Amino acid sequence: MDLTTFNLKPLNLLIFPDWSQAEELLYLELAAIIKSIVTHRDRHNLALLIDSTEISEDSELDAHLILSGILMNLCMEEDLEPSDEPEIILLENLSQSQWQNLVPQIQYRIRLTAENQTALAESGADKIPVLEQAQLSELILESQTARAIDFANTLYIQGRYEAAIELYQKLLASQIGDIELYFNFSQCWRNVNNIEEAIATLECGIRYHRTAGQLHFELIKICQQNGRTQQAISKAEIAADILPNEYVFKLLKHLTLPIIYEDTEEIKLYRHRFVRELENLIEQTSLTTPEDKTNACCGLRSFTNFYLAYQAHNVVESQSKYANLVHQIMVANYPQWVQSQPMPPLPENGKIRVGYVSSYLHSYSGTLWLTGWLRYADTKQLEIYCYYTGNEPDPITEQFREYSHVFRHIPHNLEAVCQQIIDDKLHILVFPEIGMDAPTIQIAALRLAPVQCSAWGHPVTSGLPTIDYFISSELMEPENAQLHYSEKLIKLPNIGVSYPKPTVGKLNNSRLDFDLREDAVIYLCCQAPFKYLPQYDFILAQIARRVPQAQFIFPRGELLRKRLKRAFAAVKLDSEDYCLFRAIATRQEYIAMNFLADVFLDTFTWSGGNTSLEAIACNLPIVTCPGEFMRGLHAYSFLKMLGVTDTIAQNEQEYIDIAVKLGLDLEWRRDVAQRMSQRHDYLFDDRVCVTALEGFYQQIVRERLES
């Protein structure tokens, strides 16, 4: 039994009738109880649950029929509307575990003249407070509003968003809610994809709770995440005025960037705005008082400049300037953790202590590749420490634990993590990603080990003066790559990581399951919307002109709809005839989409990483065009490793031509897929890079010890 299948109310009542008694007596007692509920002034907040355990399958007694008869008579006697009928829930043969889940949701048990004592005892409901029948008609919902709010919040937590919305609306029609209510209510609207109502709910909450930072923050983020950048900045400016000591609103006011851009001019506008506003923010940031220092440090916990690198230019200068601000704030708060660390001598066993710290040591695109470095590590040379700072453990977390000599789970406690790293006296500390998780950026801005490195879980320079090396890939870096990094660049052989071959299984779906045409040429466009820059929208329209049966599937691209409509209209096509926006609920469905698609279209300037590797595991041909920076060379490097390079384009026109040919030439498409399938071992679980990585570790430790 899933409690979400029951329409529980703020006040739930339970009875255990003795179904073996005379039917006339049973009927009279049930009718009296139900009448008390039907005529109760708070009947809409009541539910009656009736146990029917004792009724055997061969009994002539029909509980549903009895209840229907009682309700029919009451409806005629009381002249009830259908909407006034009470909520009556018949419980049929619940298991012990099901009772354990249900009993905490029941407020009272009504005592009957004749009860099923066995069922009562076995259910555990004998511990529920007892209510006599005579008290039922006079029952007053104690703290009715509080109960209703708690129940609405429970519905929200259970994912029953429509039911929660209905109850929240009733509550707010007659009163002002608290901060949590407005926040949860807005989240319900978001989950049913009604962004206008989500924004309106937050704005309403802010009118009553003007200094509620949580509501201001959520309002700003929901505007940004739905492509309303100017509105987000405006809301941040208001929040910064109302809450001048909340540094996060200064960050959002000055440094908020769009998730998607309308055109190239807008990219230039926000690029220059970021540089200008960063200077203003630096000038306005005071670290003179203890309060200033604490406020700035707290603000950094909720902000990253993640979207900066998606403008397709070299961000090393602006990234370094921002990172230096972060560093200065962390220096002011933790002066004990910013001094250079001496290289500890090697222990008697000669092992180098290497630590990996991340909030994402679970199934996550930015760290999944790291399992290979650990799985194939030479444990005779290395002692591996992992620091898991998040709290969403899963089977991948267990892999990290298994591959570590020491695994420390310290969730959401920056100071405890830092002190533990210091106490462990590491030789080398590695951040698999810097830039996606705000507290990780703060930790990386400190000096906790003699040598500190970043890797390409987030393939952009950290800009931090505390990060010495950026560990990258030979195949992914252009000749002038060092110019893109503030760290010293280390290029490991091949793709630089030992990526485990994805488990994809077999296809168990058809195109009909996803409302896709059987005769369509399916182009999978599965990247996050911020990877699609407006100057490349025309490419899809050009492909559609030459492949009339094309369907472009966007699992995450709803924000791009307006831009694509404009691009297709420019060639006299309707994007709605070609572009399908399909939310993919599970990984299984996503993998099925890879099997059902004909062609994988990679994004320009920021290539697909995990998505490309999963497409390869499904033998889905990839069209890619290498970009200027490492982040634009992922799929290119994977195909080079495979030795299947004929779908790598050198420019936009060649990209279109390859995509069209793959769509129209079934024989060639099958040939590409077949060659991919035969060469998986060239790409996945590569150990050459692991050997090189460990050689790098040994070299830098030896150099530091000898200097």
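## Burial and the chain as a whole

A residue is called buried here when its relative accessible area is under 20%, exposed when that area is over 50%, and partly exposed in between, with a 1.4 Å probe and protein chains only. By that definition His-484 is buried, with a relative accessible area of 8%. The model is predicted, so local features need pLDDT of at least 70 and side-chain atom pairs count only at pLDDT 80 or more, while totals for chains, interfaces and linings use all residues. Residues are numbered from 1 along each chain as its sequence is written, and side-chain values use heavy atoms, with hydrogens and water left out.

The protein chain has 707 residues, of which buried residues make up 57%. Its secondary structure comes to 28 helices and 17 strands, where helices (H or I, at least four residues) and strands (E, at least two) are DSSP runs numbered from the N terminus. Taken along the principal axes, the C-alpha atoms fill a box of roughly 95 × 65 × 55 Å. Among the contacts (heavy atoms within 4.5 Å) with a separation of 6 or more, 70% are between residues 24 or more positions apart.

## Helix 7 against helix 8

Helix 7 (residues 161-172) and helix 8 have axes that come within 9 Å and cross at roughly 140°; axes are lines fitted to C-alpha atoms, for helices over the stretch in contact, and angles run from 0 to 180 degrees between N-to-C directions. That angle makes helix 7 oblique to helix 8, since angles under 35 degrees count as roughly parallel, over 145 as roughly antiparallel, 65 to 115 as roughly perpendicular and the rest as oblique. The crossing of the two helices is left-handed, a term used if the near helix is turned anticlockwise from the far one by less than a right angle, with right-handed used if clockwise. On the helix 7 side the residues that meet helix 8 include Tyr-161, Ala-164, Ile-165 and Tyr-168, and their counterparts in helix 8 include Leu-181, Tyr-182, Phe-185 and Trp-189.

## Aromatic rings and charges

The structure holds 30 aromatic pairs, in which rings of Phe, Tyr and Trp (its six-membered ring) have centres within 6.5 Å, and planes under 30 degrees apart count as stacked, over 60 as edge-to-face and the rest as tilted. In one of them, Phe-185 and Trp-189 have ring centres 5.7 Å apart and planes at 35°, so the pair is tilted. Both residues lie in helix 8 (residues 179-191), four residues apart, about one turn of the helix. Phe-185 is buried, with a relative accessible area of 5%, and Trp-189 is buried as well, with a value of 10%. The rings of Phe-696 and Tyr-697 also form a tilted pair, because their centres are 5.9 Å apart and their planes stand at 45°; both of these residues are buried.

Phe-306, Tyr-307, Tyr-310, Phe-530 and Trp-606 form one aromatic cluster. A charge sits over a ring if NZ of Lys or CZ of Arg is within 6 Å of the ring centre and within 35 degrees of the ring normal. Arg-375 lies over the face of Tyr-376 in this way, at 5.6 Å from the ring centre, and the charged end of Arg-631 sits over the ring of Phe-629, 4.5 Å from its centre.

## Residues in the loops

His-484 is found in the loop between strand 11 (469-473) and strand 12 (488-492). Not counting residues up to four places away in sequence, His-484 touches Asn-314, Val-316, Thr-461, Pro-478, Glu-628 and Phe-629. Trp-456 lies in the loop between strand 10 (451-455) and strand 11, and is buried, with a relative accessible area of 8%. Trp-456 and Trp-369 are 87 residues apart in sequence and 9.7 Å apart in space, C-alpha to C-alpha, and Trp-369 is among the residues that Trp-456 touches, as are Phe-470, Met-630 and His-634.

For Lys-572, in the loop between helix 21 (561-569) and strand 15 (579-581), phi is near 65°, and at 77% relative accessibility Lys-572 counts as exposed.
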